[in-house]
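Biologist: Before we look at particular residues, I would like to learn how features of a model are read. Could you take me through them one by one, with the general idea ahead of the case?

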Amino acid sequence: MLSLFKPTIFVKLVIIGALVCPSTGLAQARRASPATAEQHFQRGIALLEKQQTARAIEELRSAIRLKPRFAEAHNALGLALARNGEVKLASDSFREATALDPKLYKAYRNLGRSLQQLGDNDGAVAAFRQSLSIKADDADTRFLLGVALQQKGMAGEAIAEFREAARLEPRMAEARFYLGYALAASGKLQEAIPEFETTLKLKPDYNEAYYYLGTARWFSGDANGAAAALKTAVKQMPNHADSHYYLGLALRKSADAQAAMGEPATPPPDMAGPRNGTGQASQDSEELESAVEAFRAAVRLKPDFIQAYNDLGLALVARRDPEGAISAFNTAIKLDPNNIIAHHNLGMALIQKGDYAAAVEQYRRLIALAPDSSEAHYNLGLALKNKDLFDEAIIELQRAIALQPSLQEARYTLGVILLQQGKLSESAAGFKAALAVRPDYAEARYALGTVLQQQGDLAGAIAAFREALKTAPNAPEIHNTLGSALRQQGDMEGARVEFQEAARLNKKRSDMQAAMFAINTGVARLKEGQLDAAIERFEAAIKLTPDDAKAHYNLARALLLRGRKEAAQAEYQKARRLDPRIKPLM
């Protein structure tokens, strides 16, 4: 597996369009009469182009005082404030611009960039997508959306956005580089290599690309090609320990022993980054045990590695180990008390543990650091709901919606609370509001159906349940509730069909849970060297869920260790057919 650390995010400053400077005649006219809003705006743009940020802010604020609904001026003011380091104020300006002109795609793009910097990655993704709904062919926004999706661990969607950005702007080296990185982190080395090569054709001084190209070639078995790229990486980045290390490996395998003698034979002290990258790749592949081991190795090598503690905590959350996750996030916060991401994650782990009181306190601390984080207000509302503090929860959810109207989860949760309070009409309005933002929101559609059923609108409820099943056809609870509504309506045959499907899906869900338990037990037996017990567990999992690629893959590993090579290869091929991304059998 390719050992990677995340590349430095060096996104270009967003484009603000043509910069029009006032003419000499206009400047003379200004001396004779007060400047108009448009004139202040043009002055601000010109000053911004000249890097005179403070003066630009003054001019743009003057333009807005004269013309408060000047959307372009609010957008430009946001750019000036962002350049001045006032990111929170910048995001407020971008929001105002989008409210005044909902078609101003660049304001949504700029809002997304500022939200990224503030740690609100979900909000950033929503803003970039809104921008693209207005101007789908904007390569810069596609690229920025790809970066945000990659930070959220959504590798497949990130790859698609980087590809589209590269298609729209073939000379955008950053899009090619990030596409290569995302492909490599997903184990697609042969696809990643040409992207790094293209990056360097477009931008020969893109030093990080030499390192990634070299390591991708090395893990693909091309020692000579790896050495060639890594030699350049070492030349351009002489203090980059990882480049020296992999160059040494490549030179030894390429039989250039004399040159290899100058490179380290063991991992350098600063191998924490690659170890963390290995963990991220494992987590993307849902190999949680390997991910946890890699993240722990990273923090052992570098005890102040905040990102690695965050990543370790997330892996432990996914592994259903909230205690371990809480410890990891607390360490990250101890290293950086203002780390917003770590505070978010700690609250999530406390909710998973069921310690809602601690989660409430944690989210209140987070809101003190980031008062305009819609996600923080939403999560606080969720924690308060779980403590049955419904009125307080409603206030926080309403704040989250005000900060981010597209946050459909907050609208849905608000509807759930109102339903619990018996406020059926208000609850239905909440679910409808969530569906207005996201029409394929199955949970909201199902919840709306239950409200309509309680209100006696059986036809409306049945229609809502059927619509929910279009998005979530494998949800037994929806089939079961639909069956109840059909029976209540007098359609006994329709009810029977739905009850049967609910029973089938419940059995399938139970089988999947049992298979997962069998796989986890098998992996534990495999680590203990109990091969026969491991094989029995994996075979039991396959009997329950024949299409589980992980079960076939782990059975192949156990059979290989048992010396049954042909049977191992047969199982491995089954795993590959079920999931082409499965890693090689070692």
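Modeller: A contact means that heavy atoms lie within 4.5 Å. With residues up to four places away in sequence left out, His377 touches Ile367, Pro371, Glu396, Arg399, Ala400 and Leu403. This is a predicted model, in which local features need pLDDT of at least 70 and side-chain atom pairs count only at pLDDT 80 or more, while totals for chains, interfaces and linings use all residues. Residues are numbered from 1 along each chain as its sequence is written, and side-chain values use heavy atoms, with hydrogens and water left out.

Biologist: In which helix is the place of His377, and is His377 buried or exposed?

Modeller: Helices are DSSP runs (H or I, at least four residues; strands are E, at least two), numbered from the N terminus, and His377 belongs to helix 22, residues 374–386. Burial is read from relative accessible area, where buried means under 20%, exposed over 50% and partly exposed in between, with a 1.4 Å probe and protein chains only; His377 has 6% and is therefore buried. The side chain of His377 also reaches the backbone oxygen of Pro371 at 2.8 Å.

Biologist: Which residues touch the most other members of the largest nonpolar core?

Modeller: In soluble globular proteins, nonpolar side chains tend to be buried together. A nonpolar core is a set of buried Ala, Val, Leu, Ile, Met, Phe, Trp, Tyr and Cys residues joined through side-chain atoms within 4.5 Å. The largest one here has 75 residues, and those that touch the most other members are Phe41, Phe143, Phe162, Phe177, Phe196 and Tyr211. Helix 10 (residues 173–185) gives the most to this core, namely 10 residues. A second, separate core holds 46 residues, including Ala315, Ala328, Phe390 and Ile401.

Biologist: How many salt bridges does a search of the whole structure find, and what does Arg364 pair with?

Modeller: Side chains of opposite charge can pair when their charged atoms come close. For a salt bridge, a side-chain nitrogen of Lys or Arg must be within 4 Å of a carboxyl oxygen of Asp or Glu, and the search finds 27 of them. In one of these, Arg364 pairs with Glu392, with the closest N and O atoms 3.3 Å apart. Because Arg364 lies in helix 21 (residues 356–369) and Glu392 in helix 23 (residues 390–403), the pair ties together parts that are 28 residues apart in sequence. Arg364 is partly exposed at 36% relative accessibility, and Glu392 is partly exposed at 37%.

Biologist: Where do Arg509 and Glu477 lie, and what separates Glu571 from Lys574?

Modeller: Arg509 and Glu477 meet through their side chains in a salt bridge of 3.6 Å, N to O; Arg509 is in helix 29 (residues 492–527) and Glu477 in helix 28 (residues 476–489), so that distant parts of the chain, 32 residues apart, are linked. Glu571 and Lys574 form a salt bridge with closest N and O atoms 3.4 Å apart, and they are separated by about one helical turn because they are three residues apart in helix 32 (residues 565–578). Glu571 is buried at 12% relative accessibility, whereas Lys574 is partly exposed at 34%.

Biologist: What pLDDT does the chain average?

Modeller: The predictor's confidence in each residue is its pLDDT, from 0 to 100; the chain averages 84, and 87% of the residues score at least 70. Over residues 1–32 the pLDDT is below 50, although this stretch has 83 contacts in the model beyond near neighbours in sequence.

Methods: Polar contact = N/O pair within 3.5 Å; in protein donor to acceptor, adjacent residues only side chain to side chain.
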